[in-house]
Amino acid sequence: MMDRFERFSYAISEISRYWHKIASDELKPYGLKGPYAVYFTALNRFPEGITASRLGELCSRDKSDVSRAVTLLESKGLIVKESEGGNLYRAKIRLTEAGKAIAVHINDRAKLAVNLGGSGLTDDDRETLYRSLEVIVTNLQKLSRDGLPE
């Protein structure tokens with residue numbers, strides 16, 4: 001029988017694995033990889049644009065990953081960088097019309113996947129699940145920062 005750690009680790013791993021597969025399947029027609037889905041959803045929430053640094057924070061991605069994504073998405077005409085006074089260092093990144101169309105598609109498909117993935121859960125189950133996950137994340141963040149106690 002699995003203990004709590006194994007059950008938790010297995011469930012999180014499987015959720016992540018299937019989520020990435022679904023995202024990859026949805027982005028394949030655009031010639032993009034699944035991990036880019038988070039960039040579309042984040043950028044879609046900020047139509048006025050955000051900096052690459054802020055995008056990385058929102059998506060929990062490091063600077064090099066964000067930089068590669070921005071370069072690729074810009075080359076495909078899905079985002080634009082708007083400079084502040086001719087300086088691209090703190091440029092705002094925003095979706096183009098083509099990028100917005102993909103973001104809407106991704107958001108719609110993500111909502112469908114979440115609804116179907118959570119079928120069989122009551123509203124109370126769902127509230128308990130999300131509240132529990134938030135507590136676990138907060139606790140693990142603290143442990144990650146401070147280390148495990150002796």
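1. α2 and α4 (63–75) each supply at least two residues to the lining of the largest cavity, and α4 has the largest share, four residues. Helices (H or I, at least four residues) and strands (E, at least two) are DSSP runs, numbered from the N terminus. A cavity here is a set of points, on a 1 Å grid over the protein atoms alone, where a 1.4 Å probe fits but cannot get out; lining residues have an atom within 4 Å of a point.

2. Please keep in mind that this is a predicted model, where local features need pLDDT of at least 70, side-chain atom pairs count only at pLDDT 80 or more, and totals for chains, interfaces and linings use all residues. Residues are numbered from 1 along each chain as its sequence is written, and side-chain values use heavy atoms, with hydrogens and water left out.

3. How many cavities of 30 Å³ or more are there? The count comes to one, and the largest cavity has a volume of about 30 Å³. A volume is the space filled by probe spheres set on the grid points, which are joined across faces, edges and corners. The cavity is lined by Tyr39, Leu43, Leu55, Val66, Ala69, Val70, Leu73, Ile79 and Ile93. By class that lining has nine nonpolar, no polar and no charged residues (Ala, Val, Leu, Ile, Met, Phe, Trp, Tyr, Cys and Pro count as nonpolar, Asp, Glu, Lys and Arg as charged, and the others, Gly among them, as polar).

4. For the geometry, α2 and helix α3 (residues 52–59) pack at an angle of about 115°, with their axes 10 Å apart. That makes α2 roughly perpendicular to α3 (65 to 115 degrees; under 35 is roughly parallel, over 145 roughly antiparallel and the rest oblique). Axes are lines fitted to C-alpha atoms, for helices over the stretch in contact, and angles run from 0 to 180 degrees between N-to-C directions.

5. Ala37, Phe40, Thr41 and Asn44 of α2 make the contact with Gly99, Ile102, Ala103, Ile106 and Asn107 of α5. Here the classes are five nonpolar, four polar and no charged.

6. The largest pocket holds about 1400 Å³ of space. A pocket is an open set of grid points with protein on both sides within 12 Å along at least five of seven lines. Of its 39 lining residues, the closest to the centre are Ile15, Ser16, Trp19, Val114 and Tyr130.

7. Which helix gives the most to the lining of the largest pocket? It is α1, with 14 residues. α1 (4–27), α2 (37–44), α5 (97–117) and α6 (123–146) each supply at least two. The lining divides into 22 nonpolar, nine polar and eight charged residues.

8. On the overall layout, the protein has six helices and three strands, in the order α-α-β-α-α-β-β-α-α along the sequence.

How values were computed. Contact = heavy atoms within 4.5 Å.
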